[in-house]
Amino acid sequence: MAKHAEHNEETGSVGHIAPAKLYVAIWAILMVLTLTTVLVSMVDIGPMNIVVALVIATIKGTLVVLFFMHLRYSPKLTMATVIAAVFWLFLLLSLTMTDYLTRAWSTYPGR
Amino acid sequence: MATSDIGDIQVAERALQHHFADMEQQRETSSFGMWMFLLTEIMFFSGLFCAYLVYRASYYHAFVEGSQKMNITLGATNTAVLICSSLTMALGVRAAQMGKPKLMAILLLITILFGFGFLGIKAVEYHEHWVNHEFPGPNFHFETGDPAHPATDAQHTEIYFSLYWAMTGLHALHMVIGIGLVAWLVIAGLMGAYTPHYYNPVENVGLYWHFVDLVWIYLFPMLYLISKKHGG
């Protein structure tokens with residue numbers, strides 16, 4: 001785990017100060033991934049279009065949370081909060097979909 | 001900005017509330033509180049994401065047709081604008097950590113500009129949809145390309161646009177609130193409210209701003225991209 005209680009010696013700041021270069025690097029990766037997801041969406045690869053789009057979005061989201069939102073340098077309690085959020089989101093989506101997708105008596109005109 | 005050590009310590013002592021042991025504990029508690037709030041925000045947006053998932057599964061073709069009307073160039077530009085705003089926000093928080101209020105103010109003002117840029121581009125898109133009768137309600141009109149179920153599909157495309165307006169509208173509302181909060185940071189920062197010992201509001205508004213960016217990172221592929229090409 002990342003050290004969270006370290007004090008910056010130069011400024012006496014509480015909390016971890018990440019180097020500016022790291023933020024710029026994360027920004028560059030996010031921009032490249034955005035371009036990639038747009039380009040991939042223009043190619044027909046069937047169901048993989050959705051998979052690629054959501055995987056890229058998740059990579060981007062993870063980078064934002066870990067570095068821009070300092071989760072990497074945060075206490076374990078914060079990490080637990082984030083995991084709880086993802087878990088509840090998973091519960092909401094999966095339990096709802098197991099219901100809707102297994103209703104044999106409902107018709108889906110759009111399909 | 002040359003703050004003397006004594007001035008710095010005085011500000012820090014003023015900022016430490018009596019129920020915390022030290023600045024570090026106060027900072028971690030405040031940041032944890034913000035994360036808890038963001039967790040409720042995730043659940044707030046998740047209701048809409050869940051509705052999107054259910055209706056997309058039910059009316060797949062209508063959703064594909066609806067998303068053909070999205071302007072990917074503007075959507076992608078807005079994604080880039082938000083990512084840039086997140087960079088300047090992160091660097092702004094960093095400036096606050098290092099005790100550079102003027103640098104922080106400049107970076108946060110750029111963040112606000114990006115925020116307005118996003119809303120401006122969004123307004124152009126909203127206008128396009130509005131004049132094309134792609135706003136749900138009595139004036140909604142949609143020519144469906146599917147001859148099998150023209151009437152039903154047009155109706156179900158209205159569901160797509162209801163979700164589009166609700167999700168992007170709620171996101172835009174968060175942007176407006178975010179811009180207001182960042183503006184408050186700029187003013188308070190220039191008045192010397194924040195020091196390397198005490199920058200909790202900057203950190204927390206930063207978390208909020210990045211969270212709003214995070215929501216868009218998912219909205220963009222779901223509303224604009226995933227149905228653009230479809231095999232079935």
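**Figure 1. The left-handed crossing of H4(B) and H7(B) in a predicted model**. H4(B) and H7(B) form a left-handed crossing (left-handed if the near helix is turned anticlockwise from the far one by less than a right angle, right-handed if clockwise). Their axes lie 10 Å apart and the packing angle is about 165°; axes are lines fitted to C-alpha atoms, for helices over the stretch in contact, and angles run from 0 to 180 degrees between N-to-C directions. H4(B) is therefore roughly antiparallel to H7(B) (over 145 degrees; under 35 is roughly parallel, 65 to 115 roughly perpendicular and the rest oblique). Residues of H4(B) that meet H7(B) include Leu82(B), Ile83(B) and Met89(B), and those of H7(B) include Trp209(B), Trp216(B) and Phe220(B). Two residues are in contact if their C-beta atoms, placed from the backbone, lie within 7 Å. This contact divides into 12 nonpolar, 5 polar and 2 charged residues; Ala, Val, Leu, Ile, Met, Phe, Trp, Tyr, Cys and Pro count as nonpolar, Asp, Glu, Lys and Arg as charged, and the others, Gly among them, as polar.

The model is predicted: local features need pLDDT of at least 70, side-chain atom pairs count only at pLDDT 80 or more, and totals for chains, interfaces and linings use all residues. Residues are numbered from 1 along each chain as its sequence is written, and chains are lettered from A and ligands numbered from 1 in the order in which they are written.

**Figure 2. Packing of H1(A) with H2(A)**. The axes of H1(A), residues 20-41, and H2(A), residues 48-68, come within 10 Å and cross at roughly 170°. H1(A) is therefore roughly antiparallel to H2(A), and the crossing is left-handed. Leu22(A), Ile26(A) and Leu33(A) are among the residues of H1(A) that meet H2(A), where Val52(A), Ile56(A) and Phe67(A) are among the partners. The contact comprises 14 nonpolar, 4 polar and 1 charged residues.

**Figure 3. The side of chain B that touches chain A**. The contact takes 53 residues from chain A and 52 residues from chain B. Helices H2, H3, H4, H6 and H7 of chain B each supply at least two residues to this side, and H2(B) gives the most, with 17 residues. By class, the side of chain B holds 30 nonpolar, 14 polar and 8 charged residues.

**Figure 4. The helices of chain B**. Chain B has 7 helices and 0 strands (DSSP runs numbered from the N terminus: helices H or I of at least four residues, strands E of at least two). The C-alpha atoms fill a box of roughly 75 × 35 × 30 Å along the principal axes.
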